[in-house]
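Hi,

Here's the structure I said I'd pass on. Have a look at it first, and my notes follow below.

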Amino acid sequence: MRRADRLFLIINALRGRRTALQARQLAETLGVSLRTVYRDVADLQLSGVPIEGEAGVGYVLRKGSDIPPLMFTADELESLVVGTRFVRAFAGEKLAAGAQAALLKIEAVLPPELRERSSRTRIYAPIWRDAESTAFAARIDQLHAAIEAQHVLTLSYRDEVGRESEREVEPLCLAFWGGKWTLGTWCRLRKDFRNFRPDRIERMEPSGEVFVSAPDRDLASYLQAMRGYYSGLE
């Protein structure tokens with residue numbers, strides 16, 4: 001579990017309690033050591049969260065200073081719900097699961113009227129999971145993992161007219177264009193930035209090499225090059 005998630009759950013566990021919550025109970029719930037709970041609570045106290053108590057006694061929020069729940073306007077909440085639906089429909093399984101889990105955490109601390117509003121939005125992104133779309137979602141997960149790990153990829157790619165080529169690329173980002181995904185890369189064959197559509201990748205495998213970002217071919221340089229390219233089309 002990420003540290004940010006632990007801190008979030010510790011505050012939620014203490015919210016509204018009248019009696020102290022034992023650190024051991026927190027540790028068991030979060031699946032971490034007592035030492036980790038003590039450190040996390042100490043960090044929350046230093047950041048201004050009004051937690052009282054100590055190791056061996058338990059913790060409680062200071063009386064009269066309960067932390068208010070997250071507050072969103074109806075429009076903000078609808079944007080979160082719609083965004084989650086689009087990620088679930090069009091991204092990989094890992095991102096979809098993360099988006100859904102994040103929304104559940106947000107809804108858990110919303111006032112009842114806003115929680116009810118979150119289920120009433122009429123903007124949908126229907127999820128269609130046939131064999132092809134399931135395989136494509138897995139491909140997005142694989143590309144996402146390669147970007148995060150900075151793994152050089154060897155691609156067998158077929159362009160829009162059916163020509164096939166072998167490429168070795170440094171994957172930099174994924175972009176969704178409202179219907180199609182593209183993989184932004186540094187292409188070692190062309191020695192320049194290139195975009196590849198995941199649905200046209202015939203074969204993909206890690207080369208075994210981890211690349212190191214260079215100032216002239218990193219993500220920032222890619223985004224600058226793309227801005228220059230698309231502004232030149234206007």
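Starting with the overall layout: the C-alpha centres of domain 1 and domain 3 lie 43 Å apart. Bear in mind that this is a predicted model. The protein splits into domain 1 (3-61), domain 2 (74-120) and domain 3 (131-229).

Now the insides. The largest nonpolar core has 16 residues, and Ile10, Leu14, Leu44 and Ile51 are the ones touching the most other members. At least two residues of this core come from each of α1 (3-14), α2 (23-30), α3 (34-46) and β2 (58-61). Another core, of 12 residues, lies apart from it, with Ala146, Leu153, Val169 and Phe196 among its members.

Once neighbours within four places in sequence are set aside, Leu14 is in contact with Leu21, Ile51, Tyr59, Val60 and Leu61.

Ser156 is another one to click on. It sits in strand β3 (residues 151-158). With a relative accessible area of 0%, Ser156 counts as buried, because the cut-off for that is under 20%. Not counting residues up to four places away in sequence, Ser156 touches Glu164, Ser165, Glu166, Arg200, Ile201, Glu202 and Arg203.

Phe86, Phe90, Ile123 and Phe176 make a nonpolar surface patch of about 330 Å². Of these, Phe86 belongs to helix α4 (residues 74-90). Its relative accessible area is 36%, so Phe86 is partly exposed: the value falls between the 20% and 50% limits.

Cheers

Definitions and conventions. Residues numbered from 1 in each chain as written. Predicted model: local features only at pLDDT ≥ 70, side-chain atom pairs only at ≥ 80, totals over all residues. Heavy atoms only, no water. Domains from an automatic or database assignment. Patch = residues over 30% accessible without salt bridge, like charges linked within 9 Å, V, L, I, M, F, W, Y side chains within 5 Å. Areas by Shrake-Rupley, 256 points an atom, 1.4 Å probe, with all protein chains shown as cover. Salt bridge = Lys/Arg side-chain N within 4 Å of Asp/Glu carboxyl O. Helix = DSSP H or I, 4+ residues; strand = E, 2+ residues; numbered from the N terminus. Buried < 20%, exposed > 50% of the residue type's maximum accessible area, 1.4 Å probe, protein only. Core = buried A, V, L, I, M, F, W, Y, C linked by side-chain atoms within 4.5 Å. Contact = heavy atoms within 4.5 Å.
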